[in-house]
Amino acid sequence: AAYWTAIVLTSLLFALGHLPYVFQLVSEPTAAIYAYIILGNSIGGLLCGYAYWKQGLESAFIVHFFAHLTMIALEHLM
């Protein structure tokens, strides 16, 4: 339970840490933008946190790297 609590809390902090970037891009963010940023980055934080817990820091870096590659690929496909 302690590991999951730490992973959930740090993934929320990770998501909130992306909000200043949103404020640079959008002058008046909507609730949908807040939800997208917080939910999307929290999911990424959960995956990276789980990878870190089970396999170490390098695996969390790899998960983060492939998450960005996936987002870039999906952006080009749309």
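**Figure 1. Surroundings of Phe-23 in the predicted model.** In this predicted model, Phe-23 counts as partly exposed, with a relative accessibility of 45%. The ring of Phe-23 pairs with that of Tyr-34; the centres are 6.2 Å apart and the planes stand at 70°, so the pair is edge-to-face. Phe-23 belongs to helix α2 (residues 19–25) and Tyr-34 to helix α3, so the pair ties together parts 11 residues apart in sequence. Tyr-34 is likewise partly exposed, its relative accessible area being 31%.

**Figure 2. Aromatic pairing of Trp-4 and Tyr-50.** A pair of aromatic rings is described by two values, the distance of the centres and the angle of the planes. The whole structure holds 6 aromatic pairs. In one of them, Trp-4 with Tyr-50, the ring centres are 5.8 Å apart and the planes are at 20°, so the pair is stacked. Because Trp-4 lies in helix α1 and Tyr-50 in helix α3, this pair ties together parts that are 46 residues apart in sequence. Trp-4 counts as partly exposed at 41% relative accessibility, and Tyr-50 counts as partly exposed at 40%.

**Figure 3. Nonpolar surface patch.** Trp-4, Val-8, Leu-9, Leu-12 and Tyr-50 make a nonpolar surface patch of about 460 Å². The most is given by helix α1 (residues 2–16), with 4 residues. Val-8, a member of the patch, is placed in helix α1. The relative accessibility of Val-8 is 37%, so this residue counts as partly exposed.

**Figure 4. Ser-42 within helix α3.** Ser-42 sits in helix α3, which spans residues 31–55. With a relative accessible area of 9%, Ser-42 falls under the 20% limit and is therefore buried. Its side chain reaches the backbone oxygen of Ile-38 at 2.6 Å. When neighbours within four places in sequence are left aside, Ser-42 is in contact with Ser-11, Leu-12 and Ala-15. Leu-12 is also one of the residues that make the nonpolar surface patch.

**Figure 5. Met-78 in the segment after helix α4.** Met-78 is found in the segment that follows α4 (57–77). The relative accessible area of Met-78 is 83%, over the 50% limit, so the residue is exposed. Met-78 and Ala-60 are separated by 18 residues in sequence and, from C-alpha to C-alpha, by 27 Å in space.

Methods:
Residues numbered from 1 in each chain as written. Predicted model: local features only at pLDDT ≥ 70, side-chain atom pairs only at ≥ 80, totals over all residues. Heavy atoms only, no water. Helix = DSSP H or I, 4+ residues; strand = E, 2+ residues; numbered from the N terminus. Buried < 20%, exposed > 50% of the residue type's maximum accessible area, 1.4 Å probe, protein only. Polar contact = N/O pair within 3.5 Å; in protein donor to acceptor, adjacent residues only side chain to side chain. Contact = heavy atoms within 4.5 Å. Patch = residues over 30% accessible without salt bridge, like charges linked within 9 Å, V, L, I, M, F, W, Y side chains within 5 Å. Areas by Shrake-Rupley, 256 points an atom, 1.4 Å probe, with all protein chains shown as cover. Salt bridge = Lys/Arg side-chain N within 4 Å of Asp/Glu carboxyl O. Phe/Tyr/Trp six-rings, centres within 6.5 Å; stacked < 30°, edge-to-face > 60°.
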